[in-house]
Amino acid sequence: MAGSIRWYRFSAPSRFYGLAGAVVPWLWTAAAVLAAAGLYMGFFVAPTDAQQGDAYRIIFIHVPAAWMSMVIYLAMAGWAAIGWAFNARMASMLARALAPTGALFTFVALWTGALWGKPAWGTWWVWDARLTSELILLFLYLGYIALTQAIDDLRRADKAGALLAIVGAVNVPIIYFSVRWWNTLHQGASISMTAAPKMASTMLMALLLMTFACWSYAFAVVFMRARAIVLERESHTDWVRELSRVSEGLTR
Amino acid sequence: MSWNSTADFFHMGGYGLYVWGSYAVAALVFAVEPWLAARRRKRAQAALLSPPTESDS
């Protein structure tokens with residue numbers, strides 16, 4: 001096929017390593033600027049909530065972290081599935097790189113949720129559908145990490161992890177729709193594509209800025225980890241040997 | 001602006017413990033994770049330079 005872009009070339013670990021290394025500093029810059037703007041909006045521009053007072057300001061970290069916990073899980077399951085189906089090494093490495101970041105966002109969502117639940121509901125934790133399904137998400141991440149670490153054969157570990165990740169993906173829509181399907185203590189969706197926002201526009205702006213900051217952060221840290229995994233796994237290849245020769249020359 | 005003083009800001013309308021407890025732990029997580037990821041890559045790079053041994057996998 002003449003003229004078509006050879007997209008598969010970008011899936012080569014050597015290509016990924018270089019490209020990711022080039023964009024990581026920009027992603028960090030974007031994350032820092034967006035987080036600074038979002039926190040400024042959230043703490044100095046957005047008004048105090050009429051019902052919840054200033055406790056509601058936890059939303060600016062809680063909701064983005066909860067969104068990321070679900071999005072990253074789907075990305076992890078998707079890359080793991082592609083890695084399994086097409087025997088694509090880079091896809092499996094990306095799945096592995098996503099898991100710790102997803103687990104940490106899940107932890108942050110649960111932690112900030114507990115600290116928001118206490119003043120808002122009078123309890124740190126309830127076993128309702130939203131909270132329980134999010135806790136299951138954390139266990140899925142930890143299970144994926146433990147399973148892939150426990151199997152020595154890398155490709156077999158990738159496949160076993162992919163199976164767990166794909167089966168566990170059914171939990172993500174359960175988390176998202178839990179507030180609609182069951183009677184929960186947790187409030188409904190903060191942002192809807194179909195309805196007008198229920199919150200003040202400055203609050204919404206702060207929430208969106210913090211969400212974009214979290215996206216930038218996630219890309220940056222996952223790319224960093226993926227580059228480490230590439231070096232660990234591809235150490236036998238010519239291009240990594242070439243890379244280490246170059247860096248050895250530079251350090252001398 | 002909802003705050004009249006720095007103390008007012010940290011007090012967070014009586015919810016300081018909850019709000020700052022949330023942001024402090026989140027900040028800690030988002031500082032430690034990149035540090036660990038950077039360290040992992042540096043170690044992988046160092047392992048490439050040193051000759052491989054039998055115990056290395």
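1. Which helix of chain A does A:Phe16 lie in? A:Phe16 lies in helix H1, residues 13-45. Helices here are DSSP runs of H or I with at least four residues, strands are runs of E with at least two, and both are numbered from the N terminus.

2. Before going on, keep in mind that this is a predicted model: local features need pLDDT of at least 70, side-chain atom pairs count only at pLDDT 80 or more, and totals for chains, interfaces and linings use all residues. Residues are numbered from 1 along each chain as its sequence is written, while chains are lettered from A and ligands numbered from 1 in the order in which they are written.

3. Now the overall look of chain A. It has 8 helices and 0 strands, and its C-alpha trace spans about 60 × 45 × 35 Å along the principal axes. Of its 252 residues, 40% count as buried (20 or more other C-beta atoms within 10 Å of a residue's own; 12 or fewer is exposed, in between is partly exposed, with C-beta atoms placed from the backbone).

4. Back to A:Phe16. This residue counts as partly exposed because it has 19 C-beta neighbours inside 10 Å. Leaving aside neighbours within four places in sequence, A:Phe16 is in contact with A:Met90 and A:Val230; contact means that the C-beta atoms, placed from the backbone, lie within 7 Å. By contrast, A:Trp181 is 165 residues along the chain from A:Phe16, and their C-alpha atoms are separated by 41 Å.

5. Have a look at H4(A) (residues 129-150) and H5(A) (residues 154-168) too. Their axes come within 9 Å and cross at roughly 165°. Axes are lines fitted to C-alpha atoms, for helices over the stretch in contact, and angles run from 0 to 180 degrees between N-to-C directions. The two helices are therefore roughly antiparallel to each other (the label for angles over 145 degrees). Among the residues making the contact are A:Leu140 and A:Tyr144 of H4(A) and A:Ala157 and A:Leu164 of H5(A). By class, this contact has 7 nonpolar, 4 polar and no charged residues. Ala, Val, Leu, Ile, Met, Phe, Trp, Tyr, Cys and Pro count as nonpolar, Asp, Glu, Lys and Arg as charged, and the others, Gly among them, as polar.

6. Last, the meeting of the chains. The contact takes 32 residues from chain A and 25 residues from chain B. On the chain A side, H3(A) gives the largest share, 9 residues. That side has 17 nonpolar, 8 polar and 7 charged residues.

Notes: Two residues are in contact if their C-beta atoms, placed from the backbone, lie within 7 Å. Angles under 35 degrees count as roughly parallel, over 145 as roughly antiparallel, 65 to 115 as roughly perpendicular and the rest as oblique.
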